[in-house]
Amino acid sequence: MALDRRTFLGTSAALTAALAAPMVRAQATPRVVVVGGGAGGATAARYIAKDSEGAIDVTLVEPTRTYYTCFFSNLYLGGFKEIEDIGHTYGGLAANGVNVVHDWAIGVDRDARTVSLAGGASLPYDKLILSPGIDFVDGAVPGWDISAQNAMPHAYKAGSQSELLKAQLMAMPQGGTYAMVAPPNPFRCPPGPYERVSMVAHYLKANNPTAKILIADPKEKFSKQGLFEEGWANHYGGMVERVGPDFGADNVEVDPTAMTLSIDGVVENVDVCNVIPAMKAGRIAELAGVTDGRWAPVNAADMSTKADPDVYVLGDAAQQGDMPKSGFSANSQAKVCANAVRGALTGSRVFPAKFANTCWSLIETNDGVKVGATYEATEEKIAKVDGFISATGESAEVRKATYEESEGWYAGIVADMFGASA
Amino acid sequence: MRLAAASLSLAAALSIVAVGVSAQGLGDAAAGEKVFDECKACHQVGPGARNRIGPHLNGLFGRKAAGLEGFHYSDSLRRAGTNGLEWHADTLHAYIENPRAFASGTRMSYRGLKDPEERADLLAYLRGYSDAPIDIPEADPTATATDHDLDPAILAIVGDPEYGEYLSGECTTCHQADGNVDGIPSITYWPEEDFVVAMHAYKNKQRSHPVMQMIAGRLNDEEIAALAAYFKDIGN
């Protein structure tokens with residue numbers, strides 16, 4: 001059984017190599033363009049460049065020179081990390097042979113197979129990998145648009161928005177109200193808003209203990225709900241109030257000038273208003289014409305889009321099935337995609353797709369929890385195989401170990417994304 | 001820059017130790033044998049002891065740091081050895097108390113032994129295996145890799161390292177390929193047998209970590225062998 005599989009893999013690889021090698025030699029070095037330097041794009045670019053050892057030209061297009069990870073940005077809000085701790089540069093990728101271009105991709109011509117950049121350049125590709133993360137749906141929260149993001153930050157793309165939200169948190173009057181408008185499904189990092197609430201509560205408990213946190217949530221249920229609610233009750237008794245759709249939180253409106261939040265017509269004055277609107281695939285996926293609705297449908301086996309076999313979409317922007325939109329998922333999908341792209345361009349061995357995800361969240365100092373699952377590729381989608389979640393009532397020792405493990409994971413994934421020197 | 005910082009912290013650690021413990025720093029060897037239970041999963045000591053996940057500890061006292069031929073040490077310990085670090089009671093006390101504070105890049109996935117008495121007992125036990133070979137007590141080597149009921153046919157599978165490299169993508173999201181330990185243990189350069197035994201222990205739920213049970217649970221025997229073949233001499 002096991003031997004059969006190996007024999008099969010070996011034979012098919014040899015066959016592919018025999019067929020592909022002469023063609024490949026006859027033409028120029030194949031070109032891969034990757035748009036977006038986060039958990040999906042940086043990983044895919046690094047793996048293709050590293051494993052192809054010069055046989056593929058890899059160009060990564062990423063506008064920012066320092067990438068701030070969304071994962072652990074809540075820990076920055078809570079004071080567990082400095083902003084520098086979550087910022088990473090692209091020198092390690094360049095050292096792995098990736099041509100890193102700091103520019104915006106503003107268009108894709110799928111017939112000519114080129115990506116156009118804001119700076120005017122046009123990049124030809126044989127395979128295009130889009131990993132643009134998320135953008136926000138226009139009009140998702142009445143009264144809010146991107147021009148209001150300074151008055152009411154989303155902080156759902158990390159960096160200056162995270163710093164702004166933290167400054168606003170620190171400037172809150174004693175006894176003030178921190179409001180969060182939580183997003184509807186599906187969205188980036190399902191436990192993210194609730195970990196953020198935990199981190200804000202951690203800060204307020206020490207610095208502003210009479211303050212309140214009000215969550216307006218359009219969803220009935222949310223990720224790790226039992227764990228978060230247990231933690232909020234244990235650590236932050238009475239500080240956190242969540243209003244769900246049963247009390248009208250699916251009907252909210254904000255006024256960034258008056259600093260008010262209206263839930264089902266009841267107007268509240270708030271001091272900080274963290275608006276996390278409904279999300280969609282990063283705009284370049286739409287411009288490339290590979291989206292259907294808000295997201296880009298992909299084939300589970302290799303992350304190629306349903307619209308175009310030479311265009312792949314990774315991470316948050318992809319509509320792939322059962323995996324949550326997380327950095328871990330994007331990193332996992334990137335490796336499957338890198339293996340498939342390399343195989344298609346150079347005839348290297350292609351192995352069956354396997355995916356995994358784990359999301360750690362911090363509720364209070366040394367109180368970490370996690371949820372995770374493994375996945376496989378079916379004809380229809382990426383399908384869940386098996387999973388686990390932290391239990392309520394776990395010992396302090398287990399929770400501390402879980403938190404320390406999350407620190408280890410962070411160091412691991414950023415080394416995996418950006419190369420060891422990042 | 002990093003080198004300078006490392007040797008500075010090394011010097012600081014050593015000076016603290018010099019004040020804190022007696023010149024010998026050795027305690028009760030019999031008690032130390034029990035303390036050594038914590039080390040056995042990775043280290044062997046005694047007649048026939050071999051390098052496993054960690055180096056064997058025969059002749060440890062007086063050995064240069066990273067001084068065994070044929071063991072893949074971290075760069076951090078190799079540098080320390082080149083700079084003249086030798087293992088004696090004082091340096092071992094400092095290292096075992098907090099390995100990563102002492103040598104930040106060590107692959108030894110061990111939080112440290114805080115109790116100075118326990119450390120002294122442990123060192124007394126290890127000291128017994130560091131005299132002339134004739135003095136080594138006639139005890140069995142502390143092998144734990146054979147402490148399992150894995151089908152020999154599973155251990156005999158020859159892993160495909162190229163497939164292992166592909167599969168390793170699932171490991172390196174958390175376990176750093178260069179063996180750095182930041183809260184998640186190193187799995188780099190493990191002997192194949194230890195790797196296979198550990199993964200099957202997760203798969204069979206004899207080891208308890210939920211993430212690892214999940215990951216190992218859907219790897220077949222061939223895939224585990226492939227991973228073991230890749231990580232035993234991962235090209236970093």
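**A close look at the contact**

Guide: Let's begin with charged pairs: over all chains, a search of the whole structure finds 32 salt bridges, each being a side-chain nitrogen of Lys or Arg within 4 Å of a carboxyl oxygen of Asp or Glu. This is a predicted model, so local features need pLDDT of at least 70 and side-chain atom pairs count only at pLDDT 80 or more, while totals for chains, interfaces and linings use all residues. Residues are numbered from 1 along each chain as its sequence is written, chains are lettered from A and ligands numbered from 1 in the order in which they are written, and side-chain values use heavy atoms, without hydrogens and water.

Now to the place you asked about. Chain B brings 28 residues to the contact and chain A brings 42, where contact means heavy atoms within 4.5 Å. About 2,800 Å² is buried between the two chains, with carbon and sulfur atoms giving 55% of it; buried area is the accessible area (1.4 Å probe) that two parts lose on being put together, summed over both. On the chain B side, B:Tyr166, B:Met214 and B:Arg218 supply 26% of the area that chain B buries against chain A, more than any other three residues.

Four salt bridges are counted between chain B and chain A. In one of them, the side chains of B:Arg111 and A:Glu404 meet with N and O 2.7 Å apart. Side chains of opposite charge can pair when their charged atoms come close.

There are also 16 residue pairs in polar contact between the chains, both residues at pLDDT 80 or more. (A polar contact is a pair of N or O atoms within 3.5 Å; within protein, one must be able to donate a hydrogen and the other to accept it, and residues adjacent in sequence count only if both atoms are side-chain atoms.) Helices H8 (161–167), H10 (210–217) and H11 (221–231) of chain B are the elements that give two or more residues to the side touching chain A. Helices (H or I, at least four residues) and strands (E, at least two) are DSSP runs, numbered from the N terminus. H8(B) provides the largest share of that side, five residues. By class, the side of chain B that touches chain A has eleven nonpolar, seven polar and ten charged residues. Here Ala, Val, Leu, Ile, Met, Phe, Trp, Tyr, Cys and Pro count as nonpolar, Asp, Glu, Lys and Arg as charged, and the others, Gly among them, as polar.

Follow H10(B) next: this helix lies across S22, S23 and S24 of chain A, running at about 5° to S23(A). Axes are lines fitted to C-alpha atoms, for helices over the stretch in contact, and angles run from 0 to 180 degrees between N-to-C directions.

Those strands form an open sheet of three, in the order S22-S23-S24 (chain A), with antiparallel pairing; two strands pair if DSSP finds at least two bridges between them. Strands S22 (354–364) and S24 (382–389) of chain A are at the edges with a single partner strand each, so one side of each has no neighbour in the sheet. From one strand to the next, the twist averages 20°. S22(A) and strand S23 (residues 367–377) of chain A run antiparallel and are joined by ten bridges. Within S23(A), A:Val371 stands opposite A:Cys359.
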